[in-house]
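User: I am new to this structure and would be grateful for a close look at one part of it. Please give a single connected account.

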Amino acid sequence: MWISIDKNSDFSIYNLPFGIFSTSKSAKRVGVALGPWIIDMPKLADLGAFGGIDFDKSVFKQEFLNDFMATGKAVRVGVRQVLQQIFEDSCSPFKTYASDFLIPQKDAVLHLPVKVGDYTDFYSSEQHAFNVGAMFRDPQNALLPNWKHLPVAYHGRASSIYVSGTNFHRPKGQTCPDETQPPIFGPTKRLDIELEMATIIGTGNEIGDSISVDEAEDHVFGFVLFNDWSARDIQKWEYVPLGPFLAKNFFSSVSPWVVTPEALEPFRVPATEQAPEVLPYLNGQNRQNFDVTLEVYLLPKSENQNSEYLLCRSNFKNMYWTVAQQIAHHTVNGCNLNVGDMLASGTISGKDPDSFGSLLELTWGGKNPITFPDGSVRKFVEDYDTIIIRGFAQKGEIRVGFGEVKTTILPAK
Ligand code: MN
């Protein structure tokens, strides 16, 4: 390669995630992260780099990835191959123009990468469902009878999904801390994180049609880190009988770079066996998950950026229901998925207590507060706390990272 990239960079030549960026000189446009740079895709397209692939190059000049995503898998794979060839060929004719199309990331602002269509949140980690069921209902019957037969989910709100770096005010709402008394109103006292991944749909299905498990991954454009902010006290009072509403719809945070299925190809792992056996429409040829390490850090209000505390370390492979099964189930009734739809995984918790993906589980409903090395104690997220989720996959020298999603909580308005 004719540019050098640190071996610990999330954005190796094997990754090439897509995003939307702007600079002081250029409007929002499509970029690809590579080491400390962003490849300015409209510039590279104007130089003729993608002339061999049949698609409208103006998709790179849009404010969201949606038009590019809609071109489909073959175009995305082609674009990726061209980029790898350009940087791996020391005689590439494009090398001369590198300073035109390589933008330092530090000079750019990253934006929400997709115009989110509909947003669905699944509940696909068995350990998370077990923990929540054990805490709120019954440890002997933690999973409800449907849980191992279908990927449980609810429809969430797309308009309040924001990119990393956007902060929000602690939400207010109705809670009922003492069930013998009437409810009260005020800022949530139990603001929580949910460590999730989100699948972004590139090509959808017509209403009335379904996507099979084996076709499902062809409809995926890529994945981002997703923090499904949750107000546990509001949730507890409102969620029966129709599920989450104001406890969830106030804000969700996503990482700016969309990592493609091609980049995650080396990190496929067999998904754990499902028992009891699922219905045929959920049963595909090859049930696989992706081995992606996921970490959540808390940074208390501080000038010192080194005082990030690891809250948990989990893995995208800790999913009972695969992405393909989620898509097949979502469309089995003829529901139409569209370009830009976001399907979040649900909180991803592993077996070990230090891999639980929410403070609800890590502190077991606030019963076991966490004490950090500086003496500060947390049950839930406090004002001015910053939460950072990072994710990466690594196999030998191949590193594919997601960067981070970072959000600071401001006091209630
Ligand atoms: Mn969630």
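Analyst: Two strands are said to pair if DSSP finds at least two bridges between them, and strands are DSSP runs of E with at least two residues, numbered from the N terminus. The model is predicted, so that local features need pLDDT of at least 70 and side-chain atom pairs count only at pLDDT 80 or more, whereas totals for chains, interfaces and linings use all residues. Residues are numbered from 1 along each chain as its sequence is written, and side-chain values use heavy atoms, without hydrogens or water.

Three bridges connect β4 with β3, and the two strands pair in the antiparallel sense. Within this pairing, Trp37 has Pro104 of β4 opposite it.

The next step leads from β3 to β2. Strand β3 covers residues 37-40 and strand β2 residues 29-34; they run antiparallel and are joined by four bridges. Ile38 in β3 is the residue that faces Ala33 across this pairing, standing opposite it. β2 and β3 make a hairpin with two residues between the strands, and there Gly35 adopts a positive phi near 55°.

The manganese ion has four protein donors, Asp121 (OD), Glu194 (OE), Glu196 (OE) and Asp228 (OD), at 2.1 to 2.2 Å from the ion. Donors are N, O and S atoms within 2.8 Å of the metal (3.2 Å for Na, K and Ca), and since water is not among the atoms, sites may look incomplete. Along the chain, the donors have the spacing D-x72-E-x1-E-x31-D. Glu194 is buried, as its relative accessible area is 4%, and Glu196 is likewise buried, with a value of 0%; buried means under 20%, exposed over 50% and partly exposed in between, for a 1.4 Å probe and protein chains only.
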